[in-house]
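Reader: I'm new to this one. Can you put it up and walk me through it?

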Amino acid sequence: SSRGHDSSEDFYSSRGQDVEIDLPVFLEETLKDDKKTIQYQLPKYDESGRVQQVKKTLKVKIPKGVSHGERIRLKGQGGPGYGKGAAGDLYLRIKLVPHPDFDAVGHDLHLTLPVAPWEAALGAKVTVPTLDGKISLSIQPGSQSGQRLRVKGHGLPTKSGRGDLYVILKVVMPDKSETEKARTLWENLQKQHPGFDPRATMGSGGKS
């Protein structure tokens, strides 16, 4: 009786090798629908069965809501199978590229914003960069260095929307080349707050 066609090709068939590569992604790219071109090496069998490395180019769309360290699977884009074996898969490890202004924390963004002492004391309206343009932000009078202001919906994309942007205030003193008039103003401010000690709670375990 016939058992059908069982060739040596069937006997030696094997699934292709999975390949894993890093995919650097700029924060701005997470907001776009453009495809990103990647190149990677694939193991391929020649006619004599030896493995050679070949270069493959592929256009991929960055999935919405990706985060740093996430692995994306592209089925069948790995190494070719041997004989009748299926191709392996390609795994992309998302690596968010560090940004000069923003720190990515999950899907939120943190931005350190330098402000002048008088802006923190008197309040001000300042221009703040975001990934998709500049916005105007109000600083309330009496703000402190280290204070966080939340700007809703200006973070990284998630699967259902956007994360938030947290603006962290950093009070920056003027240049050392201050004038005698400026020094007099600081001295007058000191005299108006004789009992003020910004380090009063240090070493007390948080107790006053």
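Reader: Which element gives the most to the lining of the largest pocket?
Author: Helix H3 does, with 5 residues. This is a predicted model, where local features need pLDDT of at least 70, side-chain atom pairs count only at pLDDT 80 or more, and totals for chains, interfaces and linings use all residues. Residues are numbered from 1 along each chain as its sequence is written, and side-chain values use heavy atoms, with hydrogens and water left out.

Reader: What counts as a helix or strand here?
Author: Both are DSSP runs, numbered from the N terminus: helices are H or I with at least four residues, strands are E with at least two.

Reader: And what's a pocket?
Author: On a 1 Å grid over the protein atoms alone, a pocket is an open set of points with protein on both sides within 12 Å along at least five of seven lines. A cavity is a set where a 1.4 Å probe fits but cannot get out. Lining residues have an atom within 4 Å of a point.

Reader: How much space lies in the largest pocket?
Author: About 840 Å³. Two elements give two or more residues to its lining: helix H2 (117-122) and helix H3 (180-192).

Reader: Which residues lie nearest the centre of that pocket?
Author: Pro-117, Ala-121, Trp-186, Leu-189 and Phe-196, out of 21 lining residues.

Reader: How do the lining residues divide?
Author: Into 13 nonpolar, 6 polar and 2 charged. Nonpolar covers Ala, Val, Leu, Ile, Met, Phe, Trp, Tyr, Cys and Pro; charged covers Asp, Glu, Lys and Arg; the others, Gly among them, are polar.

Reader: How many cavities of 30 Å³ or more are there?
Author: The structure holds 1. The largest cavity has a volume of about 30 Å³. Its lining is Thr-30, Ile-62, Pro-63, Gly-65, Val-66 and Pro-157. That divides into 4 nonpolar, 2 polar and no charged.

Reader: Switching to sheets. In what order do the strands run in the one with E6?
Author: E6-E7-E11-E10, an open sheet of 4 strands with mixed pairing. Strands E6 (102-105) and E10 (148-151) are the edges, each pairing on one side only. Pairing needs at least two bridges found by DSSP.

Reader: How do E6 and E7 run?
Author: Antiparallel, joined by 4 bridges, with E7 at residues 108-115. Phe-102 has Leu-111 in E7 as its bridge partner.

Reader: Which strands form the 3-strand sheet?
Author: E1, E5 and E4, in the order E1-E5-E4. The pairing is mixed and the sheet is open. E1 and E4 (71-74) are the edge strands.

Reader: What joins E4 to E5?
Author: 4 bridges, in the antiparallel sense, with E5 spanning residues 90-96. Arg-71 has Arg-93 in E5 as its bridge partner.

Reader: Which strands form a hairpin?
Author: E8 and E9, with 2 residues between them. E8 (residues 124-130) and E9 (residues 133-139) run antiparallel, joined by 7 bridges. Val-126 has Leu-137 in E9 as its bridge partner.

Reader: Last topic. Where is Arg-15?
Author: In the loop between helix H1 (8-11) and strand E1 (19-25).

Reader: What is Arg-15 in contact with?
Author: Leaving aside neighbours within four places in sequence, Arg-15 is in contact with Gly-81, Gly-85, Ala-86, Ala-87, Gly-88 and Asp-89. Contact means heavy atoms within 4.5 Å.

Terms used:
Points joined across faces, edges and corners; volume = space filled by probe spheres on them.
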